[in-house]
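Welcome! Take a moment to look over the sequence and turn the model around on your screen. Then we can walk through it together, one part at a time.

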Amino acid sequence: MRPEAGCQPPEKNQEEIVFASHFGESSCKEVKMAQKTIKMAIKDSLENLGKQNLNKFRSALLDRREGPRVPVSRVEDEDFLGITDVLVSTFGEFSAAEVTLDLLKQIKCNGEAEALESDLNASGLLKPKSTGRPSASVKVDDEHFVDKYRCALINRVSNIAPILDELLNKKVIDQETYERIRGLPTCQEKIRELYCSGLKGGKACKDAFLKSLEKNERFLIDHLRTNQ
């Protein structure tokens, strides 16, 4: 089967060819992956799409129903570099990776989605999928996961809206707390307030929060678990 137009992997540059000739293809790939960040991996993936598929990606991004929404004015005239910047600044690196993967699959660029996920896993930025993932109730070093990584979660969680919706639905927080947190201007302030109010209910509340994080911030949680 022929690969989708615009989704072919890029050719090696001269530096990569010379390195591979001396040290082998696998060593070249390992060094290249070790130097990558999530933003670089997203950029490379979008660059490989080609004009037609990049337009499809842009359209799918604008059509997303989940918040935060991206305004047309921010991406309508942008190339792959500009769209990458918008993704990372809007969602944060970890959520941007998940959004990018979802949109690539949505526009039927499955090969590029697989390549992006492979790049992120190979670089150690994401934890490979497995059937033995810890459950929401697992503690780390006798300290609950959400307590151990409180600072990281406050600073890195960006997809807070669906998390608050789920916690309200599970009665971890009440309507008044929900509206108060939603009214705060930044994600950091919202997560910090959630710790100070909704998560005071004990282990069951923290388990519910972690379960929602695993669903809505999967890459961030996998990254923290991999590097714990």
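## The chain as a whole

Among contacts in the chain between residues at least 6 apart in sequence, 68% join residues at least 24 apart. Keep in mind that this is a predicted model. The chain has 15 helices and two strands, and 44% of its 228 residues count as buried.

Let's start on the inside. In soluble globular proteins, nonpolar side chains tend to be buried together. Here the largest nonpolar core has 58 residues, and the ones with the most contacts inside it are Leu46, Phe57, Leu61, Leu87, Leu153 and Phe209. Helix α7, residues 93-106, gives this core its largest share, seven residues. Domain 1 (38-123) and domain 2 (145-227) each contribute at least three residues to this core.

Which residues does Phe209 contact, leaving aside its neighbours within four places in sequence? They are Val146, Leu153, Ile163, Leu167, Leu194, Tyr195 and Leu199.

Thr100 is found in helix α7. Is Thr100 buried or exposed? Thr100 is buried, because its relative accessible area is 0%, and the cut-off for buried is under 20%. Not counting residues up to four places away in sequence, Thr100 touches Ile42, Leu46, Phe57, Leu87 and Leu116.

Leu210 is found in helix α14, and Leu210 is also buried, with a relative accessible area of 0%.

## A helix wrapped by its surroundings

Now look at helix α15, residues 218-226. Eight of its nine residues are buried, so α15 is largely enclosed by the rest of the structure. The buried ones are Arg218, Phe219, Leu220, Ile221, Asp222, His223, Leu224 and Arg225.

What covers these buried residues of α15? The cover includes α7, α8, α9 (145-148), α10 (150-156) and α14.

Glu166 is found in helix α11, residues 160-169. Glu166 counts as buried because its relative accessible area is 17%, while the limit is under 20%.

Which residues does Glu166 touch, not counting those up to four places away in sequence? They are Ser212, Lys215 and Asn216. With Ser212 there is also a polar contact: the side chains of Glu166 and Ser212 are joined at 2.7 Å.

## The second largest pocket

Next, look for an open space. The second largest pocket holds about 410 Å³ of space. Its lining is made of 18 residues, and Arg64, Glu66, Val99, Asp102 and Asn159 are those nearest its centre.

Which helix supplies the largest share of this lining? It is α7, with six residues. At least two lining residues come from each of α7, α11 and α14 (203-216).

## Loops worth a look

Gly92 is found in the loop between α6 (80-91) and α7. Gly92 counts as partly exposed because its relative accessibility is 23%, and partly exposed covers values between the 20% limit for buried and the 50% limit for exposed. Leaving out residues up to four places away in sequence, Gly92 touches Leu87 and Ser158. Gly92 and Lys39 are 53 residues apart along the chain, and their C-alpha atoms are separated by 9.5 Å.

Most residues other than glycine have a negative phi. Lys108 has a positive phi of about 70° although it is not a glycine, and Lys171 likewise has a positive phi, near 65°. Lys108 lies in the loop between α7 and α8 (110-122), whereas Lys171 is in the loop between α11 and α12 (175-182). Are these two residues buried or exposed? Lys108 counts as exposed because its relative accessibility is 56%, and Lys171 counts as exposed because its value is 73%.

Notes. Residues numbered from 1 in each chain as written. Predicted model: local features only at pLDDT ≥ 70, side-chain atom pairs only at ≥ 80, totals over all residues. Heavy atoms only, no water. Core = buried A, V, L, I, M, F, W, Y, C linked by side-chain atoms within 4.5 Å. Buried < 20%, exposed > 50% of the residue type's maximum accessible area, 1.4 Å probe, protein only. Helix = DSSP H or I, 4+ residues; strand = E, 2+ residues; numbered from the N terminus. Domains from an automatic or database assignment. Contact = heavy atoms within 4.5 Å. Polar contact = N/O pair within 3.5 Å; in protein donor to acceptor, adjacent residues only side chain to side chain. 1 Å grid on protein atoms, 1.4 Å probe; cavity = no way out; pocket = protein on both sides within 12 Å on 5 of 7 lines; lining within 4 Å. Points joined across faces, edges and corners; volume = space filled by probe spheres on them.
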